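Student: I'm new to this structure and would like a close look at one part of it. Could you walk me through it step by step?

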Amino acid sequence: MALLSLGGRLFKRGADIRSALTASQPFCSSVASGRQRVNGVDLYYEQTGRGNHAVLLFPGALGSTRTDFGPQLKSLNKERFTVVGWDPRGYGQSRPPDRDFPIDFFERDAKDAVDLMKALGFGKFSLLGWSDGGITALIAAAKNPDLINKMVVWGSNAFVSQHDLELYDAVRDVSKWSARMRQPMEEVYGAEVFAKTWEAWVDGIAQFAKRPEGSICMELLPLISCPTFIIHGQKDPMVPSLHPQYLLKNITGSRLHVMPEGKHNLHLRYAEEFNKLVEDFLED
């Protein structure tokens, strides 16, 4: 994800950023859960629905199925879709191990995700990726064209700018966040582990600025062949419109939908509208 500030309003925007990062929704019932050994790690996953169209949900930075996708697990059509949520290694309930951020952490997550779906018996599936999870989904789609049916991404970016780095650093110290903003992540990780892991994420995402053009996965976008739907919240304080526009330009056949009132967590704030957009796209 990329962060956005308007000049001297950094700290006001910082509050918006923290709110979006830690937004969560109540978890829904009627979901089966388990752990699957994948690439040396026991990955936690949750599954609901009995439809023929399998869909994998990718959470954001430090996110998990329970914090990031309650409305989707609850309300996406269970007759038409089988929905799988997962916690990437080191996040949520996929611990141990502790989370780390080597330069290939997005690629590692992408491989884990695809291998998880294979282990669960899915031969072909679609991807829904939010924020960091959208980046992971882009990589998974580029590297596994024969396995991916369709893809939806929102709040995601293919590169990191120098300006982004300043904004990441501005939210590095979680002790400066309000207690309300810290609470969802502290409930998952505990205060100390959350602070340590968040700071490690800031350092991890900053690595990409050292690459040419700050690329995270720019070179992979032309390899994506599945139908791709990009959703953007016009009021997203974290991801300026240049990022979805770049994805639109560089992913063949992709399309973009802008939600005028949407912010970074548009799939939670406007869950009914978002779910309808996704269902229509996946069934088209």
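Tutor: Happy to! Keep in mind that this is a predicted model. Let's begin with Lys118, which lies in helix 4. Is Lys118 buried, exposed or partly exposed? Its relative accessible area is 46%, so Lys118 counts as partly exposed, since that label covers values between 20% and 50%.

With a relative accessibility of 1%, Asp112 is buried, because buried means under 20%. What does the side chain of Asp112 make a polar contact with? The answer is the side chain of Asn39, at 2.8 Å. Setting aside neighbours within four places in sequence, Asp112 touches Val38, Asn39, Leu43, Trp86 and Arg89.

For another view, turn to helix 7 (residues 179–189) and helix 8 (residues 191–206). Two packed helices are described by the angle and the distance between their axes. Here the angle is about 110° and the axes are 7 Å apart, which means that helix 7 is roughly perpendicular to helix 8. On the helix 7 side, Arg182, Met185, Glu186 and Tyr189 take part, meeting Ala191, Val193 and Phe194 of helix 8. Of the residues in this contact, five are nonpolar, two are charged and none is polar.

How values were computed:
Residues are numbered from 1 along each chain as its sequence is written. This is a predicted model: local features need pLDDT of at least 70, side-chain atom pairs count only at pLDDT 80 or more; totals for chains, interfaces and linings use all residues. Side-chain values use heavy atoms; hydrogens and water are left out. Buried means under 20% relative accessible area, exposed over 50%, partly exposed in between (1.4 Å probe, protein chains only). A polar contact is a pair of N or O atoms within 3.5 Å; within protein, one must be able to donate a hydrogen and the other to accept it, and residues adjacent in sequence count only if both atoms are side-chain atoms. Contact means heavy atoms within 4.5 Å. Helices (H or I, at least four residues) and strands (E, at least two) are DSSP runs, numbered from the N terminus. Axes are lines fitted to C-alpha atoms, for helices over the stretch in contact, and angles run from 0 to 180 degrees between N-to-C directions. Angles under 35 degrees count as roughly parallel, over 145 as roughly antiparallel, 65 to 115 as roughly perpendicular and the rest as oblique. Ala, Val, Leu, Ile, Met, Phe, Trp, Tyr, Cys and Pro count as nonpolar, Asp, Glu, Lys and Arg as charged, and the others, Gly among them, as polar.
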